[in-house]
Amino acid sequence: MKDTYTYTIGNNLYLNLTNRCSNRCAFCVRDQSARYEGYALWLGGGEPTAEQVVAEIGDPKRYEEIVFCGYGEPTYRLDAVVEICRYVHERGGRTRMNTNGHGNAINGRNIAPELKGMLDGVNVSLNAPDAEKYDALCRPLIKNAFGEVLSFARALKESGVPCWFSVVDCIGREQVEACRKIADTVGIPLRVREMIEAR
Ligand code: SF4
C-alpha cells in the first residue's frame, strides 16, 4: 500500500512529513493504532520529498488550511516545511503547524525567524504545567524538554509568528488552569483540545 503523505479531515489537508519524534507521549495516537481517521500514517517507504507533497496538495485553496502534523514532529523536516509553505502561499493557501515545541533543540538553532511569514499559525503542545509532569506524560528523548517548549513559544512570539499553546483536556481542570498561567507568562493563548481516540 502507498504511504500516506497527505490526508483530509474536514476542510483541512494534513501533511505527514515524518514519523520521527522527540517525545513518546502516553496519549499519542501513534501508539494506539497504525491507522488514524482511516489513514495508514506510518511511512514504511521513507519520508516524502517536498516535491512529492506539493504534487499531492495541488491547489491549496481547495482547503481551509494546509496543516503540518504527523505521526511525527514536523520540525525534523524544516527545509521541506519552508519549501511547502512557499508553494502554498504563492497559490493563496493558508498554513499551520502542530508541533511539540522542540524545534530549536532538534535543529540546534533558533528556527523561529525562518518560520516567520511561512506559517500562518503554530500550535505548540504544552501538555503539562511543569517539567516533572511533562516528562511523565510526554516521555521526552531530549534534555530540558519542557524548558525547550517554553523557549520555542517565546521565540515564535518574538519573531512575530502567530502561535498558541494547546493542552489535552484529559489532564484535568486543575492542571489546565496551571497551564493557562504558564501561557499567560509567555503571553500567548491556551487552547484546550479534546483527547483524540484512534479509530
Ligand atoms: S509529540 Fe505528538 S507525535 Fe510525538 S509522541 Fe507526542 S503526540 Fe505523538
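**View 1. Polar contact between the side chains of His102 and Ser22 in the predicted model.** The side chain of His102 makes a polar contact with that of Ser22 at 2.7 Å, where a polar contact is a pair of N or O atoms within 3.5 Å, one able to donate a hydrogen and the other to accept it within protein, and residues adjacent in sequence count only if both atoms are side-chain atoms. This is a predicted model in which local features need pLDDT of at least 70 and side-chain atom pairs count only at pLDDT 80 or more, whereas totals for chains, interfaces and linings use all residues. Residues are numbered from 1 along each chain as its sequence is written, and side-chain values use heavy atoms, with hydrogens and water left out.

View 2. With a relative accessible area of 0%, His102 is buried (under 20%, with a 1.4 Å probe and protein chains only). Leaving aside residues up to four places away in sequence, His102 touches Ser22, Asn23, Tyr134, Pro140, Ile142, Ala145, Glu148 and Val149, contact meaning heavy atoms within 4.5 Å.

**View 3. Shell around the ligand.** Cys21, Asn23, Arg24, Cys25, Phe27, Cys28, Arg30, Gly72 and Asn100 surround the ligand, each having a heavy atom within 4 Å of it. By class, this shell comprises 4 nonpolar, 3 polar and 2 charged residues.

Terms used
Ala, Val, Leu, Ile, Met, Phe, Trp, Tyr, Cys and Pro count as nonpolar, Asp, Glu, Lys and Arg as charged, and the others, Gly among them, as polar. Buried means under 20% relative accessible area, exposed over 50%, partly exposed in between (1.4 Å probe, protein chains only).
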